[in-house]
Amino acid sequence: MTVCYTTDRMLHFGDCDISGTAYYPAYLNILNGVVEEFWAHIGWPWHEIIWNERWGTPTVHLSCDFSKPSFFGDRLTFRISILKVGKSSVRLHHTIHCGEEHRWSVEQVLAASWLDKHTSMPWPPEVKAKLESLMAPPEPADRPDRRPVARP
C-alpha cells in the first residue's frame with residue numbers, strides 16, 4: 001500500500017482517560033485533524049473549499065481496529081493511503097504507529113458534498129485527478145512471462 005501522507009501527533013493529557021490511556025473519541029478527533037491537514041497538503045484546505053466553494057468532505061463510513069493502547073506522552077505517526085477514488089467518494093486507509101509498534105488502523109470513506117444542498121456531488125476534475133495520482137499503481141495481473149525466446 002502506497003502511503004501518500006504522513007504526520008506525527010503527540011498524545012496530550014486531554015486525549016487520555018484518568019489512567020493516562022488514549023480515549024477513543026479523542027483518537028477520532030485527532031484523526032479528523034490529520035485528514036484536514038492532508039486536504040491542505042494536497043491543495044484543498046477545508047477552510048477554503050467550505051467558505052469559498054461551498055463543498056466539503058464528510059465522513060460517510062468509518063471502521064477502526066485498535067491493536068494496542070497508547071498513552072499520555074506517546075508520539076503517534078499517522079500514515080494515509082488512498083485505496084479507491086470514486087465519482088464522489090474516496091476510500092482512505094490509515095495506519096497509526098508509535099515508533100515501530102502498530103497501535104490502530106482505520107478505513108474511512110469521505111464523500112464530496114454540496115454544503116448548501118446537503119447532497120453528494122462529483123469530485124471537481126482537478127481534485128479527482130490529484131487523489132488518483134496519489135493512489136498506488138494497480139498490481140500487475142498474474143500472467144506468464146512473455147519475453148521473446150532467444151533463438152540460436
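How exposed is glutamate 107, in terms of relative accessible area? At 26%, glutamate 107 counts as partly exposed, a label for values between buried (under 20% relative accessible area) and exposed (over 50%), computed with a 1.4 Å probe on protein chains only. The model is a predicted one, in which local features need pLDDT of at least 70, side-chain atom pairs count only at pLDDT 80 or more, and totals for chains, interfaces and linings use all residues. Residues are numbered from 1 along each chain as its sequence is written, and side-chain values use heavy atoms, with hydrogens and water left out.

Six salt bridges turn up in the structure, each being a side-chain nitrogen of Lys or Arg within 4 Å of a carboxyl oxygen of Asp or Glu. One of them pairs glutamate 107 with arginine 91, with 2.9 Å between the closest N and O atoms. This pair links distant parts of the chain, 16 residues apart: glutamate 107 sits in strand β6 and arginine 91 in strand β5 (residues 89-98). Strands here are DSSP runs of E with at least two residues, helices are runs of H or I with at least four, and both are numbered from the N terminus. Arginine 91 is also partly exposed, at 30%.

Strand β6 (residues 101-111) also holds arginine 103, whose salt bridge to aspartate 74 has its closest N and O atoms 2.8 Å apart. Aspartate 74 lies in the loop between β3 (59-66) and β4 (75-85), so this contact ties together parts 29 residues apart in sequence. Both arginine 103 and aspartate 74 are buried.
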